[in-house]
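Me: Please walk me through this structure in a few questions and answers.

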Amino acid sequence: MNGENTVSEEGKFRWRHPGIVFSRHHEDMQTIIQLLREVIGIFPGEQLNISLVASGGCPVLNLWHPKLGLSQHLKRVKGVDINPAQIALCELRRTVLLRLPCEKQIQFLQGQEGCDFDLLKVYDEEIEPELEENAKKYWKEHRDVLQFGAIRSGGLEETFRRLSQNLRAAGLDPINGNQILKRKEEYDSILLNTLNKEFLGTTLGPIINYPGLRTTFPEHFKDWIPPRLFKFGSENADGTPIPQTHEKNFHCRDWFYDRFEGDFVPYHLLPGYELTKEMS
């Protein structure tokens, strides 16, 4: 897979499909945890070998965190994906956890801009020698992705980065549910104009034609995002719910803000997580 991700004349990273589509992914985490606990209940005392879609690597790596209480039941967690770029990313993240101290892991994965060390030097000396051969080949051809930030460089992340820029340019905070509700028509217009078919074709590629969607991808996002920004509880006099800004919405906060920080750090990048080769 050559030349999908390039650097523009201005020196800015540009994503090209095919390549990494999801550079971080939490969407199915709670479902996976619940299902795994049910399986453990059916097979108590068993050491499990499980396979998960690799995606950005988060689900595969998160399961080992002691906070979840699952690691003692796991023998092996394997990431599988039809996209070789996602496997290369998962392998990179696994190796970062094995080789770098916790305080350097997020810095490395989020790119050179936020690092207090030479990212490529650390990659060459600490990470690359430990990678599997296919991952070595991929990252040799995509060093610009490492510099930009391996967990910022996926097509989905570029999609939300562009949408966030356009919303902010119009004075809209992407995760302020109350504000979006008041200016919903304007919000919908910006979203649909930003997530046009041509743009999504370059960031998400064939995913935009996924047959499981009952509508177009832009319409799907338009309908999917706002409810996740609102925490319903209080009611107006007429009984209609009053939306509250949902600051801790993991998906939207993470995607729109383009960084792991505060409450929005996945389990495997939190202190107390220690991955060994035997676990991975």
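Me: Which residues does F108 touch, not counting residues up to four places away in sequence?
Reply: This is a predicted model, in which local features need pLDDT of at least 70, side-chain atom pairs count only at pLDDT 80 or more, and totals for chains, interfaces and linings use all residues. Residues are numbered from 1 along each chain as its sequence is written, and side-chain values use heavy atoms, with hydrogens and water left out. A contact means heavy atoms within 4.5 Å. With residues up to four places away left out, F108 touches L92, V96, L100, C115, F117, L119, V122, Y123, I127 and L146.

Me: Which residues touch the most other members of the largest nonpolar core?
Reply: A nonpolar core is a set of buried Ala, Val, Leu, Ile, Met, Phe, Trp, Tyr and Cys residues joined through side-chain atoms within 4.5 Å, where buried means under 20% relative accessible area (1.4 Å probe, protein chains only). The largest such core has 49 residues, and those that touch the most other members are L63, L92, F108 and W139.

Me: Which helix gives the largest share of this core?
Reply: Helices are DSSP runs (H or I, at least four residues), numbered from the N terminus. The largest share of this core is seven residues, and they come from helix α3 (residues 84-99).

Me: How are α3 and α4 oriented to each other?
Reply: Axes are lines fitted to C-alpha atoms over the stretch in contact, with angles from 0 to 180 degrees between N-to-C directions. The axes of α3 and helix α4 (residues 102-110) come within 9 Å and cross at roughly 150 degrees. Angles over 145 degrees count as roughly antiparallel, so α3 and α4 are roughly antiparallel.

Me: Which residues of α3 and α4 meet?
Reply: F108 is part of this contact, together with Q105 and L109 on the α4 side. Their partners in α3 are L92, R93, V96 and L97.

Me: How are α3 and α6 oriented to each other?
Reply: A85, A88, L89, E91 and L92 in α3 meet A135, Y138 and W139 in α6. The axes of α3 and helix α6 (residues 133-140) come within 9 Å and cross at roughly 100 degrees. Angles of 65 to 115 degrees count as roughly perpendicular, so α3 and α6 are roughly perpendicular.

Me: Is S55 buried or exposed?
Reply: S55 lies in the loop between β3 (48-53) and α2 (58-62), and its phi is near 50 degrees, a positive value. Most residues other than glycine have a negative phi. At 4% relative accessibility, S55 counts as buried.

Notes: Buried means under 20% relative accessible area, exposed over 50%, partly exposed in between (1.4 Å probe, protein chains only). Helices (H or I, at least four residues) and strands (E, at least two) are DSSP runs, numbered from the N terminus. Angles under 35 degrees count as roughly parallel, over 145 as roughly antiparallel, 65 to 115 as roughly perpendicular and the rest as oblique.
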